[in-house]
Amino acid sequence: MKTFDYVRPATISDAIAAAAEPGAAYLAAGTNLLDLMKGGIAGPSRLFDVMRLPGLDRIERLPDGGVRIGALVRNADLAHDPDFARSYPAIAEALLSGASAQLRNAATVGGNLLQRTRCGYFYDPASACNKREPGTGCDAREGANRLHAVLGWSEACIATHPSDFCVPLVALDAVVEIEGRTGRRMVAVEDLHCQPGAIVSAAAAMRIEHGTIRDARIALGGVAPKPWRAHTAEKILAGCHPDPATFHRAAEAALADAKPSGDNRFKIELAQRIIVRALTLAAAGTPPRVPALPASPFSSAPGAFHDA
Amino acid sequence: MNFSISLTVNGVRQNIELADPRVTLLDLLRERLHLTGTKKGCDRGQCGACTVLIDGRRINSCMTLALGQDGADVTTIEGIARGNELHPVQAAFIAHDGMQCGFCTPGQIMSAIGLIHEGQAGDDPERIREGMSGNLCRCGAYSGITDAVLEVQKSLVEADQRLSA
């Protein structure tokens with residue numbers, strides 16, 4: 001690992017000023033950055049440890065019913081916050097499906113949004129990777145690309161977005177509040193070009209009134225360079241009965257524009273099946289407790305729903 | 001440039017000078033403080049052999065800089081027994097054969113203590129397995145590990161019932 005200076009800015013404005021230096025990087029829990037530094041993929045010359053910045057570790061209820069989550073809230077603390085988990089079960093479950101308990105106890109919400117892709121070529125300094133070093137090419141195009149994107153990819157990069165947490169955030173229209181040198185701004189998670197654990201994942205939510213779907217939200221993870229909102233599928237669901245035929249139609253529409261970027265055609269059907277599964281589970285209502293195996297198709301309960 | 005941090009390790013507060021900012025908490029524990037019970041497996045946050053408790057919460061000590069833990073209260077496998085009396089989780093691992101080669105065991109035990117403290121798994125073996133999934137055991141002692149955690153969980157519930165009776 002390349003050595004670095006280590007600095008702890010005392011305030012948010014100090015931290016913003018510090019980031020202007022060339023070679024500067026912010027360090028929070030470091031569960032992604034330290035990994036990249038050990039592998040020689042990142043080599044910041046100065047680390048600004050933001051873990052102790054004041055006021056960023058709160059989960060606040062907003063008057064409009066929304067919630068504002070501090071960038072330094074730990075993944076585990078958010079997932080296990082009883083109020084939050086009750087209001088946003090899809091987010092809590094997505095958080096608990098990722099990484100391990102040890103990593104979730106350390107990793108922060110802000111770090112989760114900003115983590116880099118898990119593409120193997122990004123992690124190998126000897127490979128060409130436009131994301132790591134723009135202009136060098138993309139070895140994944142002709143390489144081991146079974147787990148790469150089927151939606152929204154380009155010749156320049158076929159890596160998928162790594163976060164499971166961001167998938168329900170996109171389904172729920174979450175925005176990121178960013179403070180910078182030019183002031184504060186709001187960016188939709190969907191437009192945040194940050195760079196899952198899951199091969200393919202889906203988050204779904206529906207408002208069902210008198211047996212009719214009024215409003216639906218679907219987002220996919222593991223299929224695109226960003227968490228992928230399935231707007232067309234949502235429109236198909238609105239006004240329909242929540243039945244398997246409707247769910248299948250929505251799932252087909254969600255993947256209508258998908259094309260394999262390599263040896264990953266299976267992801268298109270897998271994503272469709274996972275959408276049907278997520279919608280079926282959503283139609284059944286929120287369970288009182290997050291399942292023992294969060295966001296998993298596997299179950300130790302005999303006779304459980306396996307093949308949508 | 002020298003850095004100075006203060007850590008409480010297994011109840012003892014110490015001031016530590018670091019010449020190199022790259023030292024992880026794991027390397028500090030093993031190489032500087034000679035607490036070699038905490039193991040280095042993958043060194044990339046994937047195997048859990050380096051699990052320690054920071055302020056009572058389990059984390060991977062390989063994935064955190066020692067500098068970032070300034071002021072923290074660290075508990076390692078060396079700090080959980082009381083003299084010759086094993087911690088209940090240590091005793092349960094022995095009773096249930098929750099190990100073979102033993103390399104992952106310190107991390108497994110620290111993780112189990114963290115899991116029980118988190119209070120999310122209860123007596124559901126599936127939740128215990130999921131909660132312990134950040135700790136790999138290449139000998140495959142998983143079933144004994146799950147039984148050990150279940151037993152400690154059960155004895156805690158019984159102790160609570162005795163207290164409230």
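## Helix α1 of chain B

Just after α1(B), residue His34(B) adopts a positive phi of about 55°. The structure described here is a predicted model. Helix α1(B) itself spans residues 25-32, and its buried residues are Leu25(B), Leu26(B), Leu28(B) and Leu29(B). These buried residues pack against four strands of chain B, namely β1 (3-9), β2 (12-18), β3 (51-54) and β5 (73-75).

Helix α5(B), residues 142-164, is in contact with helix α2(B), residues 88-95. On the α2(B) side the contact is made by Pro88(B), Val89(B), Ala92(B) and Phe93(B), and on the α5(B) side by Ile145(B), Ala148(B), Glu151(B) and Val152(B). By class, the residues of this contact comprise 7 nonpolar, no polar and 1 charged.

Helix α3(B), residues 105-118, also packs on α5(B), here at an angle of about 40° and with the axes 11 Å apart. The crossing of α3(B) with α5(B) is right-handed. Gln108(B), Ala112(B), Leu115(B) and Ile116(B) of α3(B) meet Ile145(B), Val149(B), Val152(B), Gln153(B) and Leu156(B) of α5(B). This contact divides into 7 nonpolar residues, 2 polar and no charged.

## The parallel sheet of chain A

In chain A, 3 strands form an open sheet with parallel pairing, in the order β1-β3-β2. The edges are β1(A), residues 5-7, and β2(A), each of which pairs on one side only. From one strand to the next the twist averages 25°. The pairing of β1(A) with β3(A), residues 46-49, is parallel and extends over 3 bridges. Within it, Asp5(A) has Arg46(A) of β3(A) as its bridge partner.

Leu27(A) belongs to strand β2(A), residues 24-27. The residue counts as buried because its relative accessible area is 4%, below the 20% cut-off. Beyond its sequence neighbours up to four places away, Leu27(A) touches Tyr6(A), Leu33(A), Leu47(A), Phe48(A), Asp49(A), Val50(A) and Met51(A), together with Leu65(B) from chain B. The C-alpha atoms of Leu27(A) and Gly111(A) lie 8.8 Å apart in space, although the two residues are 84 positions apart in sequence.

## The β6-β7 hairpin of chain A

Strands β6(A), residues 175-180, and β7(A), residues 183-188, pair in the antiparallel sense over 6 bridges. A hairpin of 2 residues links β6(A) to β7(A). Glu179(A) has Arg184(A) in β7(A) as its bridge partner.

## Helix α5 of chain A

Helix α5(A) covers residues 89-97, and Ile91(A), Ala92(A), Ala94(A), Leu95(A) and Leu96(A) are buried within it. The buried residues of α5(A) pack against α3 (75-79), α4 (82-87), α6 (101-106), α7 (109-114) and α8 (166-171) of chain A, and also against α4 (125-131) of chain B. Just after α5(A), Ala99(A) takes a positive phi of about 55°.

How values were computed. Residues numbered from 1 in each chain as written. Chains lettered and ligands numbered in written order. Predicted model: local features only at pLDDT ≥ 70, side-chain atom pairs only at ≥ 80, totals over all residues. Heavy atoms only, no water. Axes fitted to C-alpha atoms, helices over the stretch in contact; angles between N-to-C directions. Contact = heavy atoms within 4.5 Å. Nonpolar A, V, L, I, M, F, W, Y, C, P; charged D, E, K, R; others polar. Pairing = 2+ DSSP bridges. Buried < 20%, exposed > 50% of the residue type's maximum accessible area, 1.4 Å probe, protein only. Left-handed = near helix turned anticlockwise from the far one by under 90°.
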